[in-house]
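Please take a moment with the sequence and the model before reading on.

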Amino acid sequence: MTMTLNGRWRMKDCTNCKAYFDAIHCPEEHMRKVMNTIEMIKTNPNWCVEDLTMTPTTIRRCLYINGELMKDSGDIPFDVERETMSACGRPAKVRMMHNSPTKMTRTEVGNNFGTTTTFEVTGDMMTVTNKATGCGTTCVTHYTRC
């Protein structure tokens, strides 16, 4: 199976992030970091790059901020619910699913929050849609292939 999600992805824009973070009761420190990143990509398009490495059974996400490796997820198995940390650093049950060659989904359920995040590739564009469980507030981030 071809893994079109593989590769380096440059953050292009993000919409409705603050409302989404408010809906999931995101920690203030994480919210500040992300909001700063959104501002920085306006003047430095290489500020935020994600490197995705997929196999048929795992995904690895490395996040680079201004060229420096800030986060390395390690190899995360697909279709296994794990007790780990959410994307915003809170304890949660997290499951990654490889839906198709162009799509994967992450679900997170923690104390007082739940999210579903879809990563979908069309050509050289990746759209990441975060949806808060319950209220349905969404945040959409676009990436372009490096």
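A residue is called buried when its relative accessible area is under 20%, exposed when that area is over 50%, and partly exposed in between, with a 1.4 Å probe and with protein chains only taken into account. The model is a predicted one, in which local features need pLDDT of at least 70 and side-chain atom pairs count only at pLDDT 80 or more, while totals for chains, interfaces and linings use all residues. Residues are numbered from 1 along each chain as its sequence is written, and side-chain values use heavy atoms, with hydrogens and water left out.

With these conventions in hand, the chain as a whole can be described. The protein has two helices and 11 strands, where helices (H or I, at least four residues) and strands (E, at least two) are DSSP runs numbered from the N terminus. Followed along the sequence, these elements give the pattern β-α-α-β-β-β-β-β-β-β-β-β-β. The C-alpha trace spans about 40 × 35 × 25 Å along its principal axes. For 146 residues a compact globule would have a radius of gyration near 15 Å, and the 14 Å of the protein agrees with this; the radius is taken over C-alpha atoms, and the globule rule is 2.2 Å times the number of residues to the power 0.38.

Of the 146 residues, 38% count as buried. The accessible surface comes to about 7700 Å², and 52% of this surface belongs to carbon and sulfur atoms; such areas come from the Shrake-Rupley method with a 1.4 Å probe, and for residues only the protein chains shown count as cover. Contact means heavy atoms within 4.5 Å, and among the contacts with a separation of 6 or more, 41% are accounted for by residues 24 or more positions apart.

What lies in the interior? In soluble globular proteins, nonpolar side chains tend to be buried together. A nonpolar core is here a set of buried Ala, Val, Leu, Ile, Met, Phe, Trp, Tyr and Cys residues joined through side-chain atoms within 4.5 Å. The largest such core has 20 residues, and those with the most contacts inside it are L5, L52, M54, I59, M104 and M126. At least two residues of this core come from each of β1 (7-15), β2 (48-54), β3 (58-65), β9 (113-122) and β10 (125-132), and the largest share, three residues, is supplied by β2. I59, leaving aside neighbours within four places in sequence, is in contact with L52, T53, M54, S73, G74, D75, I76, F78, M96 and M104. A second, separate core of 15 residues includes C14, Y20, A92 and C139.

C62 is found in strand β3 and is buried, because its relative accessible area is 10%. Residues up to four places away in sequence not counted, C62 touches V49, E50, D51, L69, K71 and D72. T141 lies in strand β11 (residues 138-145) and also counts as buried, at 6% relative accessibility. With the sequence neighbours up to four places away again set aside, T141 touches M11, D13, C14, M126, T127 and V128.

N6, in the segment before β1, counts as partly exposed because its relative accessibility is 26%, and it touches L52, T53, M54 and R145 when residues up to four places away in sequence are not counted. R82 has its place in strand β6 and is partly exposed at 24% relative accessibility. The C-alpha atoms of R82 and E108 are 26 residues apart along the chain and separated by 9.6 Å, whereas those of N6 and M31, 25 residues apart along the chain, are separated by 27 Å.

The backbone also deserves a look in two loops. Most residues other than glycine have a negative phi, and most peptide bonds are trans. N66, which is not a glycine, has a positive phi of about 55°; this residue lies in the loop between β3 and β4 (68-72). D79, again not a glycine, has a positive phi of about 60° and lies in the loop between β5 (76-77) and β6 (82-85).
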